[in-house]
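Here is a walk through one protein model, written for someone who would rather look at the structure than at a table. Keep the viewer open and follow along.

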Amino acid sequence: MSELATKDLSFYYTKDKPILQQLNLTFERGKIYAIVGKSGAGKTTLLSLLSKLQSPKEGQIIYEDTNIETINADRYRSKNIGVVYQAYNLLPQWNAIENVVLSLDVAGWKDGDKKAYAKSLLLKLQIEESDLYRPVHQLSGGQQQRVAIARALSYNPSIILADEPTGNLDKATEKEILTIFQQLAYEENKCVILVTHAASVTSIADEVYRLTR
Ligand SMILES: Nc1ncnc2c1ncn2[C@@H]1O[C@H](COP(=O)(O)OP(=O)(O)O)[C@@H](O)[C@H]1O
Ligand SMILES: [Mg+2]
């Protein structure tokens, strides 16, 4: 059983312009996948389908044997899958801990010390103690991306999806962020799916899926 799979997945925004056609992809735990293709090929669209922001026109997306159409979207997005965006999408005035605690709240965590847990996760991702309490807009791009990864990991999803996660970062910072994705796949057995057009990102992938239209 694969962790996530598309079965004859097709999608279009308007019927005369198909974006994805009969796509069959499989994603396993413990591996890194790169989804590549020219600008406009449908990479972000595929990510929005895998993360259940929109629904297939035809075919299915299967998460651990279950068609995701039958799973509650909020539940799927706050339990099974963690998403990291190129532009971080953090609440800029909130600090790192508050950003992570918010996603735990959305995921329905009631008890336990959410702040302490958020802090431990952020420290593990090498955010320094002194940076934990500053509004995140004051942090560097690399630090903000670490906070965004911590947020995506907070509720321990089996799948991490990232859209151009290093697109705004310099080379050295990109390397550090890619190391985090490698640890997630190889040490924590997560299924890591990276949408990218960067060769440096593709080079760490175990499998490369190219979208063409
Ligand atoms: N919300 C939308 N409505 C209509 N067309 C869209 C929408 N989002 C993207 N598209 C179109 O779908 C195609 C694929 O876009 P996208 O998935 O963003 O590609 P990529 O991420 O590979 O650059 C493009 O032609 C784009 O213009
Ligand atoms: Mg895109």
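## A helix under cover

In this predicted model, helix H5 is mostly covered, with 11 of its 13 residues buried. H5 runs over residues 141-153 and spans 18 Å from first C-alpha to last, close to the 18 Å expected at 1.5 Å a residue. The buried set is Gly142, Gln144, Gln145, Arg146, Val147, Ala148, Ile149, Ala150, Arg151, Ala152 and Leu153.

## Val147 and Ile149 in the core

The largest nonpolar core has 39 residues, and the ones touching the most other members are Leu122, Val147, Ile149, Phe181, Leu184 and Leu194. Strands E3 (32-36), E7 and E8 (191-195) each put at least two residues into this core, and so do H3, H4, H5 and H6. There is also a second, separate core of 29 residues, with Ile81, Ile193, Val195 and Tyr209 among them.

Val147 sits in H5. Is Val147 buried or exposed? Its relative accessible area is 0%, so Val147 counts as buried. Leaving aside neighbours within four places in sequence, Val147 is in contact with Leu90, Ala96, Asn99, Val100, Leu122, Ile127, Val136 and Leu139. One of these, Val136, is 11 residues away in sequence, and its C-alpha is 8.3 Å from that of Val147.

Ile149 has its own set of partners. With neighbours within four places again left out, Ile149 is in contact with Val84, Leu125, Ile177, Ile180, Phe181 and Leu184.

## Around ligand 1

Now over to the ligand.

Which parts of Lys17, Lys43 and Thr44 face oxygen atoms of the ligand? For Lys17, an N or O atom of the side chain is 2.9 Å from a ligand oxygen. Thr44 also uses an N or O atom of its side chain, at 2.9 Å from an oxygen of ligand 1. With Lys43, a backbone N or O atom lies 2.8 Å from a ligand oxygen. Ligand 1 on its own has 560 Å² of accessible area, and the protein covers 59% of that.

## Two residues with positive phi

Two residues have backbone angles worth a look. Lys52 is not a glycine, yet its phi is positive, about 65 degrees. You'll find Lys52 in the loop between H1 and strand E4 (58-63). Lys52 is buried because its relative accessible area is 13%, and the cut-off for buried is under 20%.

Glu64 is the other one: a positive phi of about 40 degrees, and again not a glycine. Glu64 is in the loop between E4 and strand E5 (66-67). Its relative accessibility is 29%, so Glu64 counts as partly exposed.

## Ser2, a contact of Glu64

Glu64 also turns up among the contacts of Ser2. Besides Glu64, and leaving aside neighbours within four places in sequence, Ser2 is in contact with Thr26, Phe27 and Glu28. Ser2 itself is in the segment before strand E1 (4-14). Why does Ser2 count as buried? Because its relative accessibility is 16%, and buried means under 20%.

Note on methods:
Residues numbered from 1 in each chain as written. Chains lettered and ligands numbered in written order. Predicted model: local features only at pLDDT ≥ 70, side-chain atom pairs only at ≥ 80, totals over all residues. Heavy atoms only, no water. Helix = DSSP H or I, 4+ residues; strand = E, 2+ residues; numbered from the N terminus. Expected span 1.5 Å × (residues − 1). Buried < 20%, exposed > 50% of the residue type's maximum accessible area, 1.4 Å probe, protein only. Core = buried A, V, L, I, M, F, W, Y, C linked by side-chain atoms within 4.5 Å. Contact = heavy atoms within 4.5 Å. Polar contact = N/O pair within 3.5 Å; in protein donor to acceptor, adjacent residues only side chain to side chain. Areas by Shrake-Rupley, 256 points an atom, 1.4 Å probe, with all protein chains shown as cover.
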